[in-house]
Amino acid sequence: MQTTRQFHRVVGRIHPDHRPFSDPSLSLESDGAPANSSSSSVLSFSKVRFVYRHLGMDSELKLFFSSFLYGTDIITSSQNLSDGGTLVSSDGSFELGFFSPGSSGKSRYLGIWYRNIPVQNLVWVANRCNPINDSSGVLMINNTGNLVLLNQSRSVVWASNSKKEAQNPEVQLLDSGNLVLQDRIDGKPTTPLWQSFDYPTDSWLPGMKFGWDLSNGLNRQLSAWNSPDDPCPGDLTYGIELYDFPDLVMRKGSRKDYRTGSWKGIVANQFITTNAISNEQEIYLIYYPKTKSAITRLVLNKTSSKAEHIIWNEEGRTWTVYSQFPSDDCDNYGSCGAYGNCVNTEIPPCQCLKGFKLKSQELNSVDWSQGCVRNNSLDCQKGNGFKKFGRLKVPDAEHSWVDEGMDLNECRAKCLENCSCMAYTTLDIKEDRGCVIWFGDLIDLKLFPSAGQDIYIRMSAADSGLFSINTDKYFIAMTIIYLFLLCFMELDHEETKGNTKMKAALIIAVAILVVVSVVVITYYIRKSHRSAEEREIGRSNEWQNEDLELPFFEFVVISKATNDFSSNKKLGEGGFGSVYKGNLPDGKEIAVKRLSRSSGQGLVEFKNEVALKPNFNIGIL
């Protein structure tokens, strides 16, 4: 009792919320930091040790010291965080501490939440499936340099898995909401030895890599809570699946429930900007809010079975959902079966692609689970072609193949030489490069009202239009040939009996007629298949004759000026396509717009923009 009274006289009274002592003369600063710094709420370990030694209480120092930890953003190897204390990021956005979810009673978990939002919103949980049944939990750095969570019996409930040694390990809660274990050398923190962003729970925060670290097989995917009272992972997951053409997939257990359509399918909007990274070490997505102060995240909601992009509405003091998926029935995986195209505006929404028919032909039954089959079977010996289908969600990529160096023509040739290849398209529609081809049936197609992608699907010669011509002209040509043949046969019967010369003349005439007919038919075939690109070139040539008083450049000049449309020269992008900066041979600086294949715009829209150019001060465009 005497010892306790001595201690209170020396250091003052402990505040119930574990904040620093109120007596300024006794406010103890953290090591190397002034008392009024952001770390002033952590008592100096060396000074407290001095007090404890003076009172003969050094053996109880570490456990007692943990109760003082509140409001700092760092734990060192000489400090603990007990239930009731918290870490707070330096800007005050996030807080780490112990909590009990919903009606879980005494079950205690260690987690991170938004500090300035009135309703507790957890973004990360450490011991998801292993709660502590009382308030005895302690977070500390052990003698191997790992972060560990202990219960009352000092058993390890949860631990980080860092394999790297550290001289001066510390744990810091960053302003991004990322909890990092790092080494401090010469007063500076090193690259994280471990971080919570590598082990997300149900929330994808700005600045968090969502995807794979290929060097160690780490998969950063989301897993929803089992229930509002249980943060243990349920059966709902969402992540990037590593096919040749990676795909963003939501699963319920082992069953695919939703696909974004491409691993680059999370697109920028009015609230966020996104970036997709793919190299030998990593494949991941990352995003940031366009407004730095905006509070936003993507959360995997077990209740709704949706991934929801939400933003905090400060005025209404509530979360607002600005996008979610699945968003309609057409987002349900494979809802229309193989070669079935889901069109949300149609009734019923499932439609067979042109050239296909419903596989199930039972009377009074519309079974889309079996999908669609071709009107005419493929025959690689007789030749196949491809038909372009626009504004589609790309098919399931489980059976796909990718080449980043091919252009679209090379991609077509590659697909055509393999009879198992069912479709192809451009890998990167923004940069208009690369090749993706699909093998086997095409599953999970959806028609978008805008955007989407052009998919070139293998069709039989008849369905692809490879040998089709105008029906009326074909009928007339065949009728003329037939009538001529009848006339010559009649002449042969009546007038050429025993007349060798007449027969020879008749044969030659028929041969000439057949050759001429073939030439005429071939001409109409080629004319009817004049490509859209050729028509566009024709319109472009006509446009050049218009008096717009503008200079024209060869494509090679523009390509050279932009270093072959290098990503380093890219200024931005819009609905038309990407914008690049460049320099002409005379040194003049220019900006170049390049039409994207995924754009719904074309020559007319570009012409209108150029016509309006004199009204704006954009002389370098």
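This is a predicted model: local features need pLDDT of at least 70, side-chain atom pairs count only at pLDDT 80 or more; totals for chains, interfaces and linings use all residues.
Local features require pLDDT of at least 70 and side-chain atom pairs pLDDT 80 or more, while totals for chains, interfaces and linings use all residues. Residues are numbered from 1 along each chain as its sequence is written, and side-chain values use heavy atoms, without hydrogens and water.

A disulfide was taken as a pair of cysteine sulfur atoms within 2.5 Å. By this rule the model holds seven disulfides. Three of them, including the Cys-336 to Cys-350 link, are described here.

Cys-336 and Cys-350 are joined with an S to S distance of 2.0 Å. Their link is left-handed, at -85 degrees about the S-S bond. It connects distant parts of the chain, 14 residues apart. Cys-336 sits in the loop between strand 25 (318–325) and strand 26 (340–342), and Cys-350 lies in strand 27 (residues 350–352). Strands (E, at least two residues) and helices (H or I, at least four) are DSSP runs, numbered from the N terminus. Cys-336 is buried at 2% relative accessibility, and Cys-350 is buried at 10%. Buried means under 20% relative accessible area, exposed over 50%, and partly exposed in between (1.4 Å probe, protein chains only).

Cys-380 pairs with Cys-419, S to S 1.5 Å. This link is right-handed, with 90 degrees about the S-S bond. Cys-380 is partly exposed at 31%. Cys-419 is also partly exposed, at 37%.

Cys-415 and Cys-421 form a disulfide with sulfur atoms 1.8 Å apart. The link is left-handed, at -100 degrees. Cys-415 is buried at 0% relative accessibility. Cys-421 is buried at 0% as well.
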